[in-house]
Amino acid sequence: MKVVLVLAFLSPLLSASHTCPKECICNTVTKVVDCQGQGLYDIPRRLHPDTQELYLQDNRIRGLGSMAFREIPFVRILHLANNSIASVSPTALLGLRTLQHLNLAYNSLRELDKRLLGPIRSLSHLDLSHNSLWGLPGAMGDSMRNLSHLALAHNRLTRLDRSLLDSLVHLDSLTLSGNPWKCDCQLIGLKLWLETYLFKGGVVDEVVCSQPEEMRGRDLQNVPYQLFHACMTTSYHYLFANIQHLESERLLRGHTHGNHAHPSSNTLHIPMAMGEGFGFGGGGGGIGRGGGTMPECESKQKQRPVNLRHAIATVIITGVVCGIVCLMMLAAAVYGCAYAAIMAKYQRELKKNEELAAAQGPDHAADEKEPLENAIA
């Protein structure tokens with residue numbers, strides 16, 4: 001009887017500890033907490049632990065501290081758009097193992113720690129658009145492996161880490177517009193990745209170049225590879241990006257061949273590596289899809305390696321052959337120099353003996369010439 005009375009006394013206190021914050025509207029059936037547009041400066045406290053959707057957009061939140069959402073470990077949708085968030089602790093999302101949608105658009109983020117998404121494996125939608133991000137750490141790729149939608153539009157991105165892009169194996173849509181992309185040698189990796197991504201059916205808006213001046217306003221997807229020829233042979237980044245692209249293309253073609261895919265539906269164009277240094281030249285034509293390929297681009301292509309092993313073997317064999325040729329040339333040069341030195345010495349000695357013989361008489365000259373020739377032979 002006493003136990004029942006104690007429980008009856010404590011039950012209001014327990015329920016009060018998780019009451020709906022006064023600034024929010026809570027639905028206990030759908031487990032949705034709506035706190036948008038309330039002028040909040042911080043994350044509300046005493047949220048119910050069963051909360052699955054939390055809407056905090058259009059407030060004045062300036063930062064997310066460590067374990068900021070520890071009270072709602074089962075939240076699936078977290079909406080933080082249109083705040084003033086400038087800093088996010090690396091452990092801000094710690095414990096949110098079921099988070100699927102994260103919206104941080106229209107904030108003031110300049111960078112994200114590579115550990116931010118570490119504990120989350122279920123994230124499928126990530127919106128980071130309209131911030132001031134300079135880049136994303138390549139190490140974040142493992143945490144973004146299951147993303148299907150990624151928004152990076154309207155930031156300050158000039159390039160993206162290729163290792164991050166290669167991790168997005170389930171990505172269906174990507175937005176990259178509104179960034180000051182620097183279309184130089186370092187961006188070839190992104191161009192090659194986009195070719196493969198679009199070949200697989202992915203959707204992307206545009207990558208408009210801001211630098212250099214010759215490329216300003218052009219969409220990277222339509223820039224011909226000829227404009228990058230001048231920097232390809234000196235760029236190890238391009239070399240390995242191209243090898244990865246070739247391997248991905250081989251696997252994709254093998255897969256689509258089994259499904260009787262039409263080869264002309266999507267066309268991948270791999271550039272030739274030639275020239276040195278970096279510079280832009282030549283005119284343009286674009287690289288199209290669905291039969292829009294420029295004819296002159298096709299005529300300049302070389303035979304492409306079938307796979308990664310063939311490409312590496314070609315490089316190794318070429319190096320060995322060049323080494324052998326160099327050794328042969330060195331041996332020939334040494335032999336030629338030695339022969340020339342011996343012959344010069346022989347001619348000097350012969351001339352000297354002839355002069356002595358002429359001075360001493362014909363009989364003595366014949367006797368001296370024969371031993372000299374025998375000695376040299």
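Predicted model: local features only at pLDDT ≥ 70, side-chain atom pairs only at ≥ 80, totals over all residues.

I started at Leu117. Leaving out residues up to four places away in sequence, I found that Leu117 touches Leu93, Leu102, Leu123, Leu126, Met140, Ser143 and Met144; contact means heavy atoms within 4.5 Å. Residues are numbered from 1 along each chain as its sequence is written, and side-chain values use heavy atoms, with hydrogens and water left out.

Next I looked up Ser143. Ser143 sits in the loop between strand 8 (125-127) and strand 9 (149-151); strands are DSSP runs of E, at least two residues, and helices are runs of H or I, at least four, both numbered from the N terminus. Ser143 counts as buried because its relative accessibility is 6% (buried is under 20% relative accessible area, exposed over 50%, partly exposed in between, with a 1.4 Å probe and protein chains only). A polar atom of the Ser143 side chain lies 3.4 Å from the backbone nitrogen of Gly118.

Then I checked helix 3. Twelve of its twelve residues are buried, so helix 3 is largely enclosed by the rest of the structure. Among the buried ones I noted Lys191, Trp193 and Glu195. After helix 3 comes Gly201, with a positive phi near 100 degrees.

Definitions and conventions:
Polar contact = N/O pair within 3.5 Å; in protein donor to acceptor, adjacent residues only side chain to side chain.
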